[in-house]
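Subject: A structure for you to look at

Hi there,

Here is the structure I promised to pass on. Please open it alongside this email, and then read on for what turned up.

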Amino acid sequence: MARLVKLFMQIDNIKEAHFVRNRIAEENRQRENSAAVRIQSWFRGCRVRAYLSRIHRKATMIQKTWRGFKAREHFRQRVKTAYFLMKMNFYNKMAVKIQQRWRGYYVRKYVHNYYARKRYLEALTQKNEQIRRELEELAEHQRKERERVAMEREEQEKYVRAQRLHFLLSTKQCPGVFNSPFRPEPDEMELRLRRVKPVRTMSAPKESWPMNQQPSSYQHNKERLPPIHNTPQGPFRPAVEVQQQRYRPLEPSLRVATSITALEEAREELRRQEWRTRLIDHPFLPFSKAPNKKYEPLLHAASPYQQTEYGTKHFREENRSQLETKKLFRRVFTTCHVFDKFGRLYSNTGKTV
């Protein structure tokens, strides 16, 4: 009871203390709230970071395990592939060696027998030597034949020459050209001249003409003249050479060999060559006469003459009927009509028709 009375006596102090404490608590409420928020944010951050760190460690462990598994599987596959390639290369090498041995044996046994090939090459060598000797003999025989033919030809030429030079033979009174008294012995040509006989020329047969008939001029040219001497008088050329000289072709001069129109043809050829490199077919020639063009009748006049000069007295024709007809013709054929989307007709002048 006394304690209750004591409390009633101290109630004012209690109220004052309560109000003081409430005031202090209100003053410190914002600072305590911010401190509590900082403590909570730090704690939650630590908890989240610890959770994320644990998750990262677990994810790293899972990735490490999975990547190791895949790498070991890939390595095992590569090892299998390398082992398979090594076995295939070894097998191929062994197969090639077996094929090489077998093909060598088969070729040596049935296709190219070594001893048969050796006997064949020896026989071929002997045959080649025999053929070579025969060819050499044939070549030597052909060479001797050519030399013999050349000697015969030369001897024949010397014989013919001696026949043509037979008139130079020495006589008892007068020595010849090839038998000089200053020589110890006569020349070879002198000996040939003594052995050969001179060339005998056949004279043309003589024809007997009647007393009252004489040959005409054109017949006289075709006949052969009688020989002047019965014996040959000197060296004569062969008949073939004389025939070729008689019927040799003409050797025309430059005036006869050149065409009469050579200059015009050369100019035409030069003109064609210039035309190949020309860009336009009708070049501009300012000082040349222009070709006469066909007159184009005027639209504003009915005159059959050319264009009238500006400033003359009658610039427009006085025949108005023909002028109006030409204007109408020009208006009809030079105007273009167009329909718009509403069905209206327009001309190219912009007016509605």
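Below is a short tour, from the whole chain down to single residues.

First, some ground rules. This is a predicted model, so local features are given only at pLDDT of at least 70 and side-chain atom pairs only at pLDDT 80 or more, while totals for chains, interfaces and linings use all residues. Residues are numbered from 1 along each chain as its sequence is written, and side-chain values use heavy atoms, with hydrogens and water left out.

**The whole chain**

The protein chain has nine helices and two strands. Helices here are DSSP runs of H or I with at least four residues, strands are runs of E with at least two, and both are numbered from the N terminus. Read from that end, the order is α-α-α-α-α-α-α-α-α-β-β.

Of the 353 residues in the protein chain, 6% are buried. Buried means under 20% relative accessible area, exposed means over 50%, and partly exposed lies in between, using a 1.4 Å probe and protein chains only. The accessible surface of the chain is about 34,800 Å², with 58% of it belonging to carbon and sulfur atoms. These areas come from the Shrake-Rupley method with a 1.4 Å probe, and for residues only the protein chains shown count as cover.

Contacts are heavy atoms within 4.5 Å. Among contacts between residues at least 6 apart in sequence, 36% join residues at least 24 apart.

**Salt bridges along the helices**

The structure holds 14 salt bridges. The term is used for a side-chain nitrogen of Lys or Arg within 4 Å of a carboxyl oxygen of Asp or Glu. Side chains of opposite charge can pair when their charged atoms come close.

In helix 2, Arg-29 and Glu-26 lie three residues apart, about one turn of the helix. Their side chains form a salt bridge with an N to O distance of 2.9 Å. Arg-29 is partly exposed, at 48% relative accessibility.

- Arg-148 and Glu-145 meet in a salt bridge at 2.1 Å, N to O. The two are about one helical turn from each other because they sit three residues apart in helix 3. Arg-148 counts as partly exposed at 36% relative accessibility, and Glu-145 is partly exposed at 31%.
- Lys-158 pairs with Glu-154 in a salt bridge, with the closest N and O atoms 3.6 Å apart. Here the two residues are four places apart in helix 3, so about one helical turn separates them. Lys-158 is partly exposed at 28%, as is Glu-154 at 42%.

There is also a network of salt bridges that links Glu-140, Arg-143 and Glu-147.

Which residues make up the largest nonpolar core? There are six: Ala-162, Leu-165, Phe-178, Met-189, Leu-193 and Val-196. Such a core is a set of buried Ala, Val, Leu, Ile, Met, Phe, Trp, Tyr and Cys residues joined through side-chain atoms within 4.5 Å. Leaving out residues up to four places away in sequence, Ala-162 touches Met-189, Arg-192, Leu-193 and Val-196.

His-166 sits in the loop between helix 3 (114–164) and helix 4 (188–195). Is His-166 buried or exposed? Its relative accessibility is 16%, so His-166 counts as buried. The side chain of His-166 reaches the backbone oxygen of Leu-193 at 3.4 Å. With residues up to four places away in sequence set aside, His-166 touches Leu-193, Val-196, Lys-197 and Pro-198.

Ser-170 is also in the loop between helix 3 and helix 4, and is buried at 17% relative accessible area. Its side chain makes a polar contact with the side chain of Glu-190 at 3.0 Å. A polar contact is a pair of N or O atoms within 3.5 Å; within protein, one must be able to donate a hydrogen and the other to accept it, and residues adjacent in sequence count only if both atoms are side-chain atoms. A polar atom of the Ser-170 side chain also lies 2.6 Å from the backbone nitrogen of Gly-176.

**A patch on the surface**

Finally, Trp-102, Tyr-105, Tyr-106, Val-107, Tyr-110 and Val-111 make a nonpolar surface patch of about 640 Å². Patches are built from residues with over 30% relative accessible area and no salt bridge, joining like charges within 9 Å and nonpolar side chains (Val, Leu, Ile, Met, Phe, Trp, Tyr) within 5 Å. Tyr-110 belongs to helix 2 (residues 11–111) and is exposed, at 54% relative accessible area.

Enjoy exploring!

Best wishes
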